[in-house]
Amino acid sequence: MVRGLRRLPEAGRPPLPGTDPEETAAGAARIGNWALALWLLLLTAVIVSLDALTGTDLPVIPLMVVLPALASVFCTVRQTTAVAAWVTLVVVGSRITLAGAFWDVVFLIGFTVLASALGVVACAARIRHATEVARLRTAAVALQRQILRPLPVATRQICAHGFYEPIEEDRFVGGDIYEVVQSPHGTRVIIGDVQGKGLPAIGVGFAALGAFREAAVREPELTAVAEAVEDAVVRHNDFSAETGETERFVTALLLGFDGGDRVRAVNCGHLLPRLLCDGTASAVTLDHTSVPLGMAELGGEARAAEWVRFPPGSALLVYTDGVTEARDATGAFYPFDERLAAWAGRKPPEILDALHTDLQEFSGGVPRDDVAVLALSRPADAGAVPGRPERREYED
C-alpha cells in the first residue's frame, strides 16, 4: 500500500465489455448485404451483356472471377462465399448454354472455381490477420493503461486530475508516461514522452516509470531522482542495443511539491508547463533545460532544479506533444495557448473536459499521437489542519 496517496472517485466509468470492439470491427463487413447484392447484380449484368455482344471471338465472361477478389477486400467470409457461389453459377450457366469445345468449357469452369475459392481464402486470411493485429494493439494499450496510475489522484500536497488517450494503431502506439508519487520529501510528479512509437517505446517508458517510482521515495533531491531515471533509460538502451533494437530517449518534466508556494522542477527537454492563476494562463519560464533522459553523456552539464511559482488557488498544467502537435484536416496545428486562455477561469476538471473534447473535434477523431495531460492543484482541504497531514491509504 502506498501511504499518503488516495484515488479520487470517478463518476460514470463504463463497464468492461465482454468482447473486444477492435476484434469485432476487424471482422465486420465494410459494405452492407443489400448494397453488395445491388453492385453484384449490376456488374454481372454489364459483364454478361458485353459477353453476349462480343460472342465467342472475345469472351468477356471470365472477368467475373475478379468479383470474389474484390469482395475479399471489403466483405466478410460469408459475403465473399456468397459472391464466389454466384460467380460460379453465372459462369457455368453461361458456358453450358453455348456450344463450344468441351475442354475449353471445363477449363473455364475449373479456373472460375479455383479463383473463387482463392478469394474466400484470401478474405479469411485478411480477417485473421486484422484480428490478430487488433488483439495485439488492444493488449498493448490495455497494458499501457494498467501500468499508468488511474486518475484523478490526491496526495497530501496536490490533487492531480488529467486524462490519457493512447493512439490505438499497432505501429503508432506511443510511450507517453506520467506518475504521481507521495514520498517523505513531498509529492513527486513526472510526465514524459518516449521517442518513437510501438511496443519498444512502451518498454522504455515502463523502465523510466519503475525507476521514478523507486527513486521518488528514496532520493531527497529531485535532481537525484532524474539521475536515477536517466540510469534506468541508459540500461534499457544498452540491453536494446544488444538485441538489435533502436536506442531511445525520453523527454520528461519532474516536479516536486512540498506544500509551499513554489514547486521544484527539473526539465529534461520537455514542453514547458502552463500556470493557471487568477483566470489567466501563462507559460512557465524554465532557465535550466537539460537534454532528454538517456542522453546525459551528450549534454556535458549536470541536471539542475529550479523553483516555479505556485500561488494558492493556482494549477499547473503539464502535457505531452500529442496536444501541441495535434492537427486538423488542413494540417494546421492545434492552437493550444489560445484555447487554454479562453478556459483559464474554469476549475481544473472543467478545463480538462473542455480540452479533451476540443482536441477530438479539432483532429476529427483521428489522433496522430498519444495525449497525456495533468492538471496539478492543491487539494480542497490543504492547510485545513495544522501540523502533519493525516495519512491516507491508496484505494483501487
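Q: Which residues form a nonpolar patch on the surface?
A: In this predicted model, the patch consists of Trp 39, Leu 42, Leu 43, Val 46, Leu 50 and Leu 53. Together they have about 610 Å² of accessible area.

Q: Where is Leu 53 found, and is Leu 53 buried or exposed?
A: Exposed means over 50% relative accessible area. Leu 53 has 73%, so it counts as exposed. The residue is found in helix H2, residues 33-54.

Q: Where do nonpolar side chains tend to be in soluble globular proteins?
A: They tend to be buried together. Here, the largest nonpolar core has 51 residues. Leu 254, Leu 255, Phe 257, Leu 316 and Leu 376 have the most contacts inside this core.

Q: Which helix gives the most to this core?
A: Helix H6, residues 199-218, gives the most. Its share is eight residues.

Q: What does Leu 255 touch, leaving aside residues up to four places away in sequence?
A: Contact here means heavy atoms within 4.5 Å. Among the residues Leu 255 touches are Leu 222, Val 263, Leu 316, Val 318 and Leu 376. Thr 187, Arg 188 and Val 189 are also included.

Q: Which residues does the second, separate core include?
A: Leu 317, Ile 351, Leu 359 and Phe 362 are included. That core has 20 residues.

Q: How many helices and strands does the protein chain have, and what share of residues is buried?
A: There are 11 helices and 13 strands. Of the 396 residues, 43% are buried.

Q: What share of the contacts with a separation of 6 or more is between residues 24 or more positions apart?
A: Such pairs account for 72% of those contacts in the protein chain.

Notes: Residues are numbered from 1 along each chain as its sequence is written. This is a predicted model: local features need pLDDT of at least 70, side-chain atom pairs count only at pLDDT 80 or more; totals for chains, interfaces and linings use all residues. Side-chain values use heavy atoms; hydrogens and water are left out. Helices (H or I, at least four residues) and strands (E, at least two) are DSSP runs, numbered from the N terminus. Buried means under 20% relative accessible area, exposed over 50%, partly exposed in between (1.4 Å probe, protein chains only). A nonpolar core is a set of buried Ala, Val, Leu, Ile, Met, Phe, Trp, Tyr and Cys residues joined through side-chain atoms within 4.5 Å. Patches are made of residues with over 30% relative accessible area and no salt bridge: like charges are joined within 9 Å, nonpolar side chains (Val, Leu, Ile, Met, Phe, Trp, Tyr) within 5 Å. Accessible areas come from the Shrake-Rupley method with a 1.4 Å probe; for residues, only the protein chains shown count as cover. A salt bridge is a side-chain nitrogen of Lys or Arg within 4 Å of a carboxyl oxygen of Asp or Glu.
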